[in-house]
Amino acid sequence: VGAFAVKSILDTERTVLDAPSVALAAIGLTAFVYGLSSFTSDVFVGFTGLIAGAATIAAFVLRQRKLDEPLIDLSPLVNPRFALACPLVIVAMMTTFSMSVLLPLYYQGSLEATALVSGLLILVPVLVNSVTAIFGGRVMDKIGAWPLLPIGFGIIAIGQVAIAFVSMSAALVPVLVGSVLVYAGVGLIFAPSQTAGLASLTRS
């Protein structure tokens, strides 16, 4: 339906794909992620991967600044408000993705719940996230992003700390309550942080 109903409002043009940029991005991200995942087994390999990944990503960034048609236009990051909003969005996405992966594993592994029950338990915070996202959007339209961001991140922090303290006792209800808090906080910050960042850029 989207292929027929959604229309592009932008002027498009044919560009050249820069193969070295693709290679640098692939190698840099792979090395960085491999370094992060290797810390638990080999600290030296982990540090080596992180350093190699960071150096390759830095080379990628330098190349993008020299190209007339970069693979990724990094010029918006010069804007300090946009540069600040980017890590906020990244933290919100990391929180959501990690919780969506770890909570079902916890429910099934530690609490011996079935896959169906685990899915239903995840559905509760997701629905709360939907409600707080709508509420956050309305607050954003009326008074801006500032009150939402510190409140939302504060709620996320409280929920994460609560889960960390109670998860070892294999207690279902406290972990569920903590996950609800985390997802509620993400709902408050995700769209406002994106909107605040994009609003600080010029149209071009």
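Phe-47 sits in helix α3, where helices (H or I, at least four residues) and strands (E, at least two) are DSSP runs numbered from the N terminus. With a relative accessible area of 46%, Phe-47 is partly exposed; on this scale, buried means under 20% relative accessible area, exposed over 50%, and partly exposed in between, using a 1.4 Å probe and protein chains only. From Phe-47 to Ala-133 the separation is 86 residues in sequence and 38 Å in space, C-alpha to C-alpha. The model is a predicted one, in which local features need pLDDT of at least 70 and side-chain atom pairs count only at pLDDT 80 or more, while totals for chains, interfaces and linings use all residues. Residues are numbered from 1 along each chain as its sequence is written, and side-chain values use heavy atoms, with hydrogens and water left out.

Turning to the overall fold, the protein has seven helices and zero strands, so that read from the N terminus its elements run α-α-α-α-α-α-α. Its C-alpha trace spans about 55 × 50 × 35 Å along the principal axes. Of the 204 residues in the protein, 29% are buried. A contact here means heavy atoms within 4.5 Å. Among contacts between residues at least 6 apart in sequence, 68% join residues at least 24 apart.

The largest nonpolar core comprises 22 residues. Such a core is a set of buried Ala, Val, Leu, Ile, Met, Phe, Trp, Tyr and Cys residues joined through side-chain atoms within 4.5 Å. The residues with the most contacts inside the largest core are Met-99, Leu-103, Tyr-107 and Ile-189. Two or more residues of this core come from each of α4, α5 (115-143), α6 (148-166) and α7 (172-199), and α7 gives the most, with eight residues.

Next comes the largest pocket, which has a volume of about 360 Å³. Grid points are joined across faces, edges and corners, and the volume is the space filled by probe spheres set on the points. The lining of the largest pocket consists of Leu-36, Ile-57, Phe-60, Val-61, Ile-72, Leu-74, Leu-77, Ile-90 and Met-94. Helices α3 (43-66) and α4 (80-109) are the elements that give two or more residues to this lining, and α3 gives the most, with three residues. The lining divides into nine nonpolar, no polar and no charged residues, where Ala, Val, Leu, Ile, Met, Phe, Trp, Tyr, Cys and Pro count as nonpolar, Asp, Glu, Lys and Arg as charged, and the others, Gly among them, as polar.

Side chains of opposite charge can pair when their charged atoms come close. Taking a salt bridge as a side-chain nitrogen of Lys or Arg within 4 Å of a carboxyl oxygen of Asp or Glu, the count comes to one salt bridge. Asp-18 pairs with Arg-63, and their closest N and O atoms are 2.7 Å apart. Because Asp-18 lies in the loop between α1 (2-5) and α2 (19-38) and Arg-63 in helix α3, the pair ties together parts that are 45 residues apart in sequence. Asp-18 is buried, at a relative accessible area of 13%, whereas Arg-63 is partly exposed, at 29%.

A few single residues complete the picture. Glu-112, in the loop between α4 and α5, has a positive phi of about 55 degrees although it is not a glycine. Glu-112 is exposed, with a relative accessible area of 69%. Leu-84, in helix α4, is likewise exposed, with a relative accessible area of 56%. The C-alpha atoms of Leu-84 and Ser-193 are separated by 9.1 Å, although these residues are 109 residues apart along the chain. Gly-119 belongs to helix α5 and is partly exposed, with a relative accessible area of 37%. Between Gly-119 and Lys-66 there are 47 Å in space, C-alpha to C-alpha, for residues 53 apart in sequence.

Note on methods:
On a 1 Å grid over the protein atoms alone, a cavity is a set of points where a 1.4 Å probe fits but cannot get out, and a pocket is an open set with protein on both sides within 12 Å along at least five of seven lines; lining residues have an atom within 4 Å of a point.
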